[in-house]
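The following explanation leads the reader through selected features of a predicted model. Please keep the sequence and the structure in view while reading.

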Amino acid sequence: MELIEEIMEDADNFKKFYEQFSKNLKLGIHEDSTNRKKIAEFLRYHSSESGDEMTSFKDYVSRMKENQKDIYYITGENKEIVAASSFVELLKKRKLEVLYMVDPIDEYAVQQLKEYDGKKLICVTKEGLELPEDEQEKKRFEEVKASFEPLCKQIKDILDKKVEKVIVSHRLVSSPCCVVTSEFGWSANMERIMKAQALRDNSTMGYMAAKKNFEINPDHSVIIKMKSLFEADKNDKTVKDLVLLLFDTSLLSSGFSLDSPQIYSNRIHHMIKLGLGVADDEDLDAIPMDVPSAGDEIAADDKMEEVD
């Protein structure tokens with residue numbers, strides 16, 4: 001620890017050191033509970049405010065807004081992908097800084113760190129995200145949430161077991177909807193990492209991968225139109241088709257992979273034909289709605305292993 005502190009006194013030397021040993025430090029966060037707080041002081045991340053440089057937790061906290069209680073972060077494959085994410089858009093608009101955690105080991109380290117200097121580390125892609133807001137904003141959100149409750153129920157009925165619940169979102173700006181994971185479940189990035197593991201625990205995969213919530217943006221024109229269609233006719237087939245297409249699109253934009261890209265492409269082609277006014281002989285009802293979920297596929301794998 002003392003050696004690292006000495007290296008930190010020279011910014012250029014520490015930058016070179018961090019490039020070589022950042023993963024070792026993060027591994028220390030994961031495994032060394034005794035020195036976890038000390039090691040956290042050495043960690044550096046790119047953020048929505050840091051530009052080309054990296055920032056420490058200490059510097060992040062020094063820039064926090066007066067009414068900001070938590071440290072916000074997002075995980076993903078690389079800086080460019082997470083910076084362009086719809087999850088980051090609202091926080092940037094509100095001048096709230098987001099840390100970009102793009103090393104696979106960050107997923108493991110942050111599960112152990114949990115907080116810094118009394119501030120909780122909050123993943124912006126998971127449920128339970130609370131942003132600083134005044135009483136007027138809270139009142140408006142509750143009113144909007146109540147008016148969209150019937151649509152949320154209809155969407156949940158359509159998506160069925162694909163999601164745990166459907167709720168009105170307060171984290172979206174320009175996107176109509178997004179898929180988030182439960183607070184204690186895996187993020188989309190963690191699910192991607194675990195799927196790539198050759199020696200993965202299939203029983204854990206099936207449980208953790210299933211925890212998805214669908215959030216809709218009540219201010220987006222697409223969702224507003226869907227609401228009016230549903231209120232005019234609760235059995236409108238267009239709503240059902242749009243929900244399925246929006247859900248699969250949200251999976252992709254939220255960092256998940258599709259169970260069946262072919263079904264998704266068929267729906268896209270159908271919508272393109274409708275937009276162009278081209279006759280389409282294909283009935284969307286003939287396209288299977290349900291494909292094996294991650295849990296179902298894993299259960300099948302387990303049965304095959306038992307046969308072997």
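Does Lys26 count as buried or exposed? With a relative accessibility of 3%, Lys26 counts as buried, because buried means under 20% relative accessible area. The side chain of this lysine meets that of Asp103 in a salt bridge, with an N to O distance of 2.9 Å. Lys26 belongs to helix 2 (residues 11-31), whereas Asp103 lies in the loop between strand 3 (98-101) and helix 7, so the pair ties together parts that are 77 residues apart in sequence. Asp103 is likewise buried, at a relative accessible area of 18%.

Asp106 extends this picture. This residue is placed in helix 7 (residues 104-113) and is buried, with a relative accessible area of 1%. Apart from neighbours within four places in sequence, Asp106 is in contact with Lys26, Tyr45 and Met101. Salt bridges that share partners join Lys23, Lys26, Asp103 and Asp106 into one network.

Lys79 is found in helix 5 (residues 79-83) and counts as partly exposed, at 23% relative accessibility. Residues up to four places away in sequence being left out, Lys79 touches His46, Gly51, Asp52, Tyr100 and Val102.

The next subject is a sheet. Strands of a sheet pair through backbone hydrogen bonds, either parallel or antiparallel. Here three strands form an open sheet in the order 6-8-7, with mixed pairing. Strand 6 (165-168) and strand 7 (177-181) are the edge strands, each pairing on one side only. On average, neighbouring strands of this sheet are turned by 30 degrees against each other, direction ignored. Five bridges link strand 7 to strand 8 (residues 212-216) in the antiparallel sense, and Val179 stands opposite Phe214 of strand 8. Helix 13 (residues 237-253) lies across strand 7 and strand 8, and runs at about 60 degrees to strand 7.

Two further salt bridges may be compared; the whole structure holds 14. The side chains of Glu127 and Lys165 meet at 3.1 Å, N to O. Glu127 lies in the loop between strand 5 (119-123) and helix 8 (135-147) and Lys165 in strand 6, so this pair ties together parts that are 38 residues apart in sequence. The salt bridge of Glu231 with Lys227 spans 2.8 Å, N to O. These two residues are four residues apart in helix 12 (residues 221-232), which means that about one helical turn separates them. Glu231 is exposed, at 54% relative accessible area, whereas Lys227 counts as buried, at 16%.

Terms used. Residues are numbered from 1 along each chain as its sequence is written. This is a predicted model: local features need pLDDT of at least 70, side-chain atom pairs count only at pLDDT 80 or more; totals for chains, interfaces and linings use all residues. Side-chain values use heavy atoms; hydrogens and water are left out. Buried means under 20% relative accessible area, exposed over 50%, partly exposed in between (1.4 Å probe, protein chains only). Contact means heavy atoms within 4.5 Å. Two strands pair if DSSP finds at least two bridges between them. Axes are lines fitted to C-alpha atoms, for helices over the stretch in contact, and angles run from 0 to 180 degrees between N-to-C directions. A salt bridge is a side-chain nitrogen of Lys or Arg within 4 Å of a carboxyl oxygen of Asp or Glu.
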